[in-house]
Amino acid sequence: MSISYVNLRAFESEDMKELHRWFNDADSISMIGRVPRTYEETVQHVEKKRKNGDLVLAIDNEELHTVGWIFLQNIEHEHGRASIGILIAPESRGKGYAGAAMRKMIDIGFKQLRLNKIYLTTRGINEQAIGLYQKTGFVIEGQLRSHAYSDGRYYDTYIMGILASEWKG
Ligand SMILES: CC(C)(COP(=O)(O)OP(=O)(O)OC[C@H]1O[C@@H](n2cnc3c(N)ncnc32)[C@H](O)[C@@H]1OP(=O)(O)O)[C@@H](O)C(=O)NCCC(=O)NCCS
């Protein structure tokens, strides 16, 4: 089990070049994207998130090196819910940064934004992400059959969630 320290801070425009690089890694494309993104499309993607009121944070490691981003989106205060997303730089995966960042972001969601529920969707092919979410405390709430197409095959998509009452911090 890897335990790592991370700090979450506001995602700045200066982080955009790195985000563009992370997006275009082959695993990222097959797990979250469809096709490579241009730098311009990356900027537009971030601007749209800001306009929607998403909470977008950069993940720094103990050496203050930026290793990924994490966000809460679809924030709906009337229902007390939001969905969460994360992307770690290809060379920084498997070191425990995602787990540490998820725990901090969930803490922000439940303790500062007063959410009642945080949820997400992930492709059944993404074993690493499903393992990460289950370890963080998310449970599978639903399964959408043959919902995502990748590399010649359809994969199920899982809906996963965690409630504030289940969160141990
Ligand atoms: C998914 C992703 C965020 C995980 O980041 P990471 O930094 O590698 O994850 P961590 O090192 O913090 O691992 C956390 C836990 O995930 C699980 N995990 C990691 N790799 C795994 C694998 N290959 N299979 C199953 N579970 C795995 C483990 O439970 C691990 O905890 P442990 O190290 O204590 O055993 C990262 O791989 C990534 O950015 N992928 C591309 C984008 C993406 O898929 N985002 C999610 C979209 S839903």
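Here is a short chat about the predicted model shown above.

Reader: Okay, how many helices and strands does the chain have?
Author: The chain has five helices and seven strands. Starting at the N terminus, the order of the elements is β-α-α-α-β-β-β-α-β-α-β-β. The radius of gyration is 15 Å, close to the 15 Å that the globule rule gives for 169 residues, so the chain is as compact as a globular protein of that length.

Reader: And how much of the chain counts as buried?
Author: Of its 169 residues, 45% count as buried. The chain exposes about 9,600 Å², with carbon and sulfur atoms supplying 48% of that.

Reader: Switching to the ligand: which residues are closest to it?
Author: The closest are Ile88, Gly94, Gly96, Asn126 and Lys135, out of 24 residues that surround the ligand.

Reader: Which element gives the largest share of that shell?
Author: That's α5, with seven residues. The elements that each supply at least two shell residues are β4 (81-88), α4 (97-112), β5 (117-123) and α5 (127-136).

Reader: How far is the backbone of Gly94 from an oxygen of the ligand?
Author: A backbone N or O atom of Gly94 sits 2.6 Å from a ligand oxygen. For Lys95, a polar backbone atom is 3.2 Å from an oxygen of the ligand, and for Leu132 that distance is 3.3 Å.

Reader: So how much of the ligand does the protein bury?
Author: The protein buries 79% of the 940 Å² that the ligand exposes when taken alone.

Notes:
Residues are numbered from 1 along each chain as its sequence is written. This is a predicted model: local features need pLDDT of at least 70, side-chain atom pairs count only at pLDDT 80 or more; totals for chains, interfaces and linings use all residues. Side-chain values use heavy atoms; hydrogens and water are left out. A residue is near a molecule or strand if one of its heavy atoms lies within 4 Å of it. A polar contact is a pair of N or O atoms within 3.5 Å; within protein, one must be able to donate a hydrogen and the other to accept it, and residues adjacent in sequence count only if both atoms are side-chain atoms. Accessible areas come from the Shrake-Rupley method with a 1.4 Å probe; for residues, only the protein chains shown count as cover. Helices (H or I, at least four residues) and strands (E, at least two) are DSSP runs, numbered from the N terminus. The radius of gyration is taken over C-alpha atoms; the globule rule is 2.2 Å times the number of residues to the power 0.38. Buried means under 20% relative accessible area, exposed over 50%, partly exposed in between (1.4 Å probe, protein chains only).
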